[in-house]
Amino acid sequence: MEFEVPKHEKENLEKYSDEAKDLAYEFSKRLLKEMRGLIKGIVLFGSAARKRQKSNDIDILIVVDDLSIELTKPLIQGYRIIVKKLVADVSEKLHITTLRYTTFWEYTRAGDPVGVNILRDGVALYDTGFFAPLQRLLYTGRIRPSAESIWTYFGRTGISLENAKGKLLGATLDLYWAVMDASHAALMRVGEVPPSPEHVPAYLKEKLVKTGLLEAKWPGICKEFYHLMKNISHREVKEISGELHDHYAKLAKDYVERMKRIIEQ
């Protein structure tokens with residue numbers, strides 16, 4: 001008597017376009033021909049490769065064996081050369097991510113979003129027996145974030161918030177340079193050699209306002225940006241709110257447009 005044994009279909013396969021699957025399988029086939037002994041798994045993953053996403057990227061994860069194989073520098077260099085050549089031969093749309101076998105297990109054990117997202121959306125193109133069981137555990141709710149991974153991710157938030165502050169300060173300094181460059185260009189247009197930044201407002205008043213080429217308010221705005229730059233550079237201003245940055249952005253844009261009119265005369 002024969003029993004029909006039903007098999008699970010590959011999870012997520014229908015989420016990916018035919019082109020993504022064809023290119024991914026072709027890449028996988030060629031890579032295994034070159035370096036099968038090094039590879040523990042090859043996975044198509046990422047929302048960018050799904051049919052509903054508008055993206056040219058096709059994300060592929062390669063999991064390399066760092067348990068039974070010593071990943072020496074020459075081996076790693078050879079691996080990178082081969083992967084780069086295969087991408088060039090198959091398609092530049094391929095975006096390759098490489099993880100060590102132990103790293104992937106660590107991500108999964110901790111419930112890290114990197115591992116979880118790959119398991120959630122991934123399609124194993126080549127699996128030596130670890131990816132499908134872990135994927136099944138995730139789908140049945142048996143992979144949970146550890147307390148360690150929770151606090152690791154939460155611990156990054158302070159750095160991210162500080163980085164955001166720094167980027168707003170940097171963006172505000174960029175506005176200062178837009179104002180200063182526009183001022184120099186306008187002064188050059190009337191035959192003046194550009195002065196150092198601290199003297200630009202006075203030059204604008206003397207060479208452009210007094211000659212009727214510029215309204216009286218603009219040198220004051222230039223001076224305001226100069227003092228703002230100094231205060232940021234000297235750490236007297238340590239934070240710029242989004243609302244204040246938007247105010248300065250509009251002011252700088254209007255300033256540049258006004259200087260442009262002088263240059264175009």
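Me: What makes the side chains of Lys 15 and Asp 121 a salt bridge?

Reply: A salt bridge is a side-chain nitrogen of Lys or Arg within 4 Å of a carboxyl oxygen of Asp or Glu. In this predicted model, Lys 15 and Asp 121 meet at 3.9 Å, N to O, so the pair falls within the 4 Å limit. The pair links distant parts of the chain, 106 residues apart: Lys 15 lies in the segment before helix H1 (18-35), Asp 121 in helix H4.

Me: What rules stand behind such values?

Reply: The model is predicted, so local features need pLDDT of at least 70 and side-chain atom pairs count only at pLDDT 80 or more, while totals for chains, interfaces and linings use all residues. Residues are numbered from 1 along each chain as its sequence is written, and side-chain values use heavy atoms, with hydrogens and water left out.

Me: How do you know how far apart Glu 26 and Arg 30 are along helix H1?

Reply: They are four residues apart, which means about one helical turn. Helices (H or I, at least four residues) and strands (E, at least two) are DSSP runs, numbered from the N terminus. Glu 26 also forms a salt bridge with Arg 30, with the closest N and O atoms 2.7 Å apart. Glu 26 is partly exposed at 26%. Arg 30 is partly exposed at 32%.

Me: What makes Lys 250 exposed or buried?

Reply: Lys 250 has a relative accessible area of 55%, so Lys 250 is exposed. Asp 254 has 30% and therefore counts as partly exposed. The two side chains meet in a salt bridge at 3.0 Å, N to O. Both sit in helix H9 (residues 242-263), about one helical turn apart.

Me: Why are the buried residues of H5 said to line one face of the helix?

Reply: In helix H5 (residues 131-139), Phe 131, Leu 134, Gln 135 and Leu 138 are buried. Seen down the axis of H5, they fall within an arc of 100°, so they line one face. The arc is that of the directions from the helix axis to the C-beta atoms.

Me: What do the buried residues of H5 pack against?

Reply: They pack against strand E1 (39-45), helix H3 (101-109), helix H4 (113-121) and strand E4 (123-127). Contact means heavy atoms within 4.5 Å.

Technical notes
Buried < 20%, exposed > 50% of the residue type's maximum accessible area, 1.4 Å probe, protein only.
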